[in-house]
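Colleague: I would like to go through this model with you. Tell me what each label rests on.

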Amino acid sequence: MLRWKLRHKNFPHELTLEEWRLPNGEDLVEVSIKVPPKKAPRAQKEFDKHLREFGLDPKGDQQTKTRTALEYFAKTLKEAQSQR
């Protein structure tokens, strides 16, 4: 897993980007911010707007990288067990 912490001009929150590369070559990328709960509603709106400025759909595939990775490894394990 690779992780970057970034600041963008005109965006008030630190961005965290994580990339996971599965053994089959599939890349999973997650972009997130962390703010106190009180600031979450406003921060979410700012984050969505910022993503759209880069042509990203904040409502796109919402499956977490963890779920995708677990499903991949569960399928791989099941296939390996069936071949025994």
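Modeller: A salt bridge here is a side-chain nitrogen of Lys or Arg within 4 Å of a carboxyl oxygen of Asp or Glu. By this rule the count comes to seven salt bridges. The model is predicted: local features need pLDDT of at least 70, side-chain atom pairs count only at pLDDT 80 or more, and totals for chains, interfaces and linings use all residues. Residues are numbered from 1 along each chain as its sequence is written, and side-chain values use heavy atoms, with hydrogens and water left out.

Colleague: What makes R21 and D27 a salt bridge?

Modeller: Their closest N and O atoms are 2.7 Å apart. The limit is 4 Å, so the pair qualifies. Salt bridges that share partners join E19, R21 and D27 into one network.

Colleague: What about R67 and E71?

Modeller: Their side chains meet in a salt bridge at 3.6 Å, N to O. They are four residues apart in helix α2 (residues 65–82), so about one helical turn lies between them. R67, at 49% relative accessibility, counts as partly exposed. E71 is partly exposed at 41%.

Colleague: What makes α1 a helix, and how does its reach compare with the expected span?

Modeller: Helices (H or I, at least four residues) and strands (E, at least two) are DSSP runs, numbered from the N terminus. Helix α1 covers residues 40–53, 14 residues in total. The expected span is 1.5 Å times one less than the number of residues. From first C-alpha to last, α1 reaches 20 Å, close to the 20 Å expected.

Colleague: How do you know that the buried residues of α1 line one face?

Modeller: The buried residues are A43, F47, D48, H50 and L51. Seen down the axis of α1, they fall within an arc of 165 degrees, so they line one face. The arc is that of the directions from the helix axis to the C-beta atoms. On the other side, P41, R42, K45, K49 and E53 are exposed. Cover for the buried residues includes β2 (15–21) and β3 (27–32).

Colleague: Why is I33 called buried?

Modeller: I33 has 18% relative accessibility, so I33 counts as buried. I33 lies in the loop between β3 and α1. Contact means heavy atoms within 4.5 Å. Leaving aside neighbours within four places in sequence, I33 is in contact with F11, H13, E14, L15, A43 and F47.

Colleague: What makes N10 worth a look?

Modeller: Phi of N10 is near 70 degrees, a positive value in a residue other than glycine. Most residues other than glycine have a negative phi. N10 lies in the loop between β1 and β2. At 75% relative accessibility, N10 counts as exposed.

Conventions
Buried < 20%, exposed > 50% of the residue type's maximum accessible area, 1.4 Å probe, protein only.
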